[in-house]
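Visitor: Please take a close look at one part of this model. Then set that part in its wider context.

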Amino acid sequence: MSGKKIKQNKVFQLIRNNPVPIMFVIICVICIPLSGYSAGYLISEIITRIVRNSFLIISLLIPIMAGMGLNFGMTLGAMAGEIGLILVSDWQVVGIPGVVLAMIISIPISVLLGWFCGKILNLAKGREMVTSYIISYFISGVYQLIVLYAMGPIIPIKHSSLVLPRGYGIRNTVNLLSMRQCLDNILAIRIGTISIPIVPFLIIAVLCFIMVWFRKTKLGQDMRAVGQDMEVARAAGIKVEKTRILSIIISTVLAGFGMVIYLQNMGTLNTYNSHTQIGMFCIAALLVGGASVDKASIGNVFLGVILFHLMFIVAPKAGMNLIGQAQLGEYFRVFVSYAVITLALVLYESKKRRAGTLTGRKLADAQEDDK
Amino acid sequence: MSENMTQVILNRTVSLLKSFGWPRLIIAIFLLVLFIAAPLVGVNFGSSLSNTLMRFGMNSVLVLAMVPMIHSGCGLNFGLPLGIIAGLLGATLSIESGFHGMTSFVMALLIATPFAVILGYGYGLLLNRVKGGEMMIATYVGFSSVSFMCMMWLLLPYKSPTMVWGFEGKGLRTTISVEGFYKGVLSDFLNIKIGHLSIPTGMILFFAVLAFIIWVFLHTKTGTAMTAVGSNPVFARAGGINVDNIRILSVVMSTWLGAIGIIVYEQAFGFIQLYMSPFNMALPAVSAILIGGASVNKASIPNVIIGTFLFQGIVTMTPSVMNSIIHTDMSEVIRIIVSNGMILYALTRKTEATR
């Protein structure tokens, strides 16, 4: 009897602790039969999405560890990666060397942008998320200034296929056919219609191990301490500001690599749009995986990618079959991504407040006892 | 004696400039240079000034919508799209019910009001649960409500042939003309024309009346309570003010002003824009009030007027002047950098970070 009750309690606890993933499982379970896609198609699509997105999402983990919340500034890294790819495709470096060179070019840009972002976030402690969100818009303006006006006259671009007809500025789409899926196609294993790209999976696995290892290093420990309590960490002799800036720099550099991997899989670069949505989708996916603003693990990343993108694939078709308007499904998936972020933020803030009042009450009780 | 006087005057000017803030100074000087440069490069001064005034009238109420929430300490209202949605509901329902001319404008305002109050109340309740993290959540409340309404615009049973897609007979169009309904009811009302210069007196008067009402309200007992809640919630509670209720009131007011603001915007613009267009309307309004001298927890009516004028001045003047000088349109990029840079500046002020 009591065993059953404990079990019931456990189920209840599970639901209460993971409302977002469970909601998503329900949405997917309803939408998959409605969409009428075959299992093989869905699995191969999901594998593609995992390859594409997980590197980008993993880049979000470190700022969360350092207590800086969801890093909306990962867009900065994405822009650095894009600049790398534009330059590489102008220099006509193809295949794997091209991808690696793009990553190398993105590093200094990412470090610079990450340092700038970290500096500003140190000035805005306690409201990092909204500030990093505005930074991403601000730098997006600077990026447009560089790519639209400086590329050509100041930064030499040789190939006319990249440049707008007016003579300077990069075209809206940059073709990455020479690099398309070059990472994915080495050692790809085919099972029936599903092809499994081994190399990107290996890269992601290595990154996961590095993440696990990083948590145990001195710097990782420092970051966790800063994330727990800045003042205590400072008293313990940790350079709080420097640690926070480092966490943002690492995140930005990883996001730059992630963007290069993402775009080599896509095969085209939308010069002015690719990065705008990437931050939102990555953050939504991470939250769908059960992460919160102050806690995220590698498990959250993969669960999130699978559930979020499953919904993304099936929703338009389900909307089409249900109401006859694919547009409705598209709006639905955009709505769900925003709603998930809203819900996660609200849950986090109210939990934080509740914890605050709880400790306050405990302190008051303790004082009462002292009397 | 006179030396002393000059010293005092100098000190005063320096402190005045300091309180004005260097980003605002740069923006004001930039706009001044644009206005001076305009006639030299062949841009008509009168028509550019009247464009600026027109845009000022269109956007000022939306900027005014920031004031109540900043006053009560809820931060910058990134959730403005919620108010805009209430306004869009009012606007479309007024046309759907078959009103024309001035009546359709008044009806749009009247119909939008209950929606704004209900949505604002819910929004206020939510923001009370997340004190300290309002701005980020406001942003996402705005985004999710806009994308939710995208679905609703498709599904709601609107019938009016001027608004639905002609082919399918259902689902609202992305842009709906308000020609024949309330186009220009304020902007053409009492419009004074001197040569190239035209002053939309009616629209500016409408804003002035609203601004005056808000100004009076902020000086009533409830308004003072609102300011008290914004500057120190603990102190306000000790003074017997119901902090949560005052905050909800401020959010409702902001949402309502947002609803009114978008209808005023539409009557001058000539079109109702649905679906994703309210999405990016919060950021220009936020940066306008910040350019006007407001901060994250302090704002006044002069901030609204100065800010809207400076911001809209830059938005209207840069394309025309820049185009004549260097034959490229960099205005969009400049607008993005200036407006977001301004918000960043306000968010990182030390004095306001401790709340």
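Guide: N191(B) stands opposite P200(B) in β3(B). This is a predicted model, where local features need pLDDT of at least 70, side-chain atom pairs count only at pLDDT 80 or more, and totals for chains, interfaces and linings use all residues. Residues are numbered from 1 along each chain as its sequence is written, while chains are lettered from A and ligands numbered from 1 in the order in which they are written.

Strands β2 (residues 191–194) and β3 (residues 197–200) of chain B run antiparallel, joined by four bridges. Strands pair if DSSP finds at least two bridges between them. Two residues lie between the strands of this hairpin, and G195(B) takes a positive phi near 60°.

Now the whole chain. Chain B has 15 helices and four strands; these are DSSP runs, with helices H or I of at least four residues and strands E of at least two, numbered from the N terminus. Of its 355 residues, 48% count as buried, meaning that 20 or more other C-beta atoms, placed from the backbone, lie within 10 Å of a residue's own.

Next, the partner. In chain B, 29 residues are in contact with 37 residues of chain A; contact puts C-beta atoms, placed from the backbone, within 7 Å. On chain B, α6 (101–129), α7 (134–155) and α14 (331–347) each supply at least two residues of the side that touches chain A. The largest share of that side, 13 residues, comes from α7(B).

Key: Two residues are in contact if their C-beta atoms, placed from the backbone, lie within 7 Å. A residue is buried if 20 or more other C-beta atoms lie within 10 Å of its own, exposed if 12 or fewer, and partly exposed in between; C-beta atoms are placed from the backbone.
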